[in-house]
Amino acid sequence: MGDRKEPNELPPAPVRHALAVAARAAGVDPEQVTLLGYEAVTWPDAALGAPEPGRLYAQVLTPGYRVHLRVDGRAMTYHTDQGQRVVPAR
């Protein structure tokens with residue numbers, strides 16, 4: 001999937017941050033989270049494709065990543081911006 005170029009190449013920082021967030025949310029060590037793949041995405045607004053009901057978001061194109069992970073045998077998807085913001089897909 002997505003931007004991965006070489007098997008030994010480190011994924012971008014936002015993708016690595018999503019791995020850490022997923023591990024923390026599941027209460028496991030980051031080594032127990034498997035990166036299945038990721039792709040660069042330009043989200044249509046600051047909600048990163050996962051708006052929370054009742055919240056307002058800046059209407060600005062927001063580059064980031066869609067990150068596919070496996071945690072405790074369960075597939076999960078997280079959305080990121082280019083910085084430190086990571087949200088689970090809804």
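Let's begin with the sheet: four strands form an open sheet in the order β1-β2-β3-β4, and their pairing is antiparallel. At its edges lie β1 and β4 (86-88), each of which pairs on one side only. From one strand to the next, the twist averages 25 degrees. Please keep in mind as we go that this is a predicted model.

Now for the helix. Helix α1 (residues 13-26) packs on the sheet and touches β1, β2, β3 (74-81) and β4, and its direction makes about 45 degrees with that of β2. With this, the inventory is done: the secondary structure comes to one helix and four strands. Read from the N terminus on, the elements follow the pattern α-β-β-β-β. The radius of gyration is 13 Å, close to the 12 Å that the globule rule gives for 90 residues, so the protein is as compact as a globular protein of that length. Along the principal axes, the C-alpha atoms fill a box of roughly 35 × 30 × 20 Å.

Let's walk across the sheet, pair by pair. Strand β1 (residues 33-43) pairs with strand β2 (residues 62-71) in the antiparallel sense over ten bridges. Here Leu35 has Leu69 of β2 as its bridge partner. Moving on, β2 and β3 are also antiparallel, with eight bridges, and in this pairing Gly64 stands opposite Asp81 in β3. The hairpin of β2 and β3 has two residues between the strands, and in this hairpin Asp72 takes a positive phi near 50 degrees. The walk ends with β3 and β4, which pair in the antiparallel sense over three bridges.

Is Val33 buried or exposed? Its relative accessible area is 10%, and residues under 20% count as buried, so Val33 is buried. Which residues does Val33 touch, not counting those up to four places away in sequence? They are Leu19, Ala23, Val28, Leu69, Arg70 and Val71. The C-alpha atoms of Val33 and Leu69 are separated by 6.7 Å, although the two residues are 36 apart along the chain.

Finally, let's step back to the whole chain. Among contacts between residues at least 6 apart in sequence, 56% join residues at least 24 apart; the pair Val33 and Leu69, 36 residues apart along the chain, are in contact. Of the 90 residues, 40% count as buried. The accessible surface comes to about 5,400 Å², and carbon and sulfur atoms account for 52% of it.

How values were computed:
Residues numbered from 1 in each chain as written. Predicted model: local features only at pLDDT ≥ 70, side-chain atom pairs only at ≥ 80, totals over all residues. Heavy atoms only, no water. Buried < 20%, exposed > 50% of the residue type's maximum accessible area, 1.4 Å probe, protein only. Contact = heavy atoms within 4.5 Å. Pairing = 2+ DSSP bridges. Axes fitted to C-alpha atoms, helices over the stretch in contact; angles between N-to-C directions. Rg over C-alpha atoms; globule rule 2.2 N^0.38 Å. Areas by Shrake-Rupley, 256 points an atom, 1.4 Å probe, with all protein chains shown as cover.
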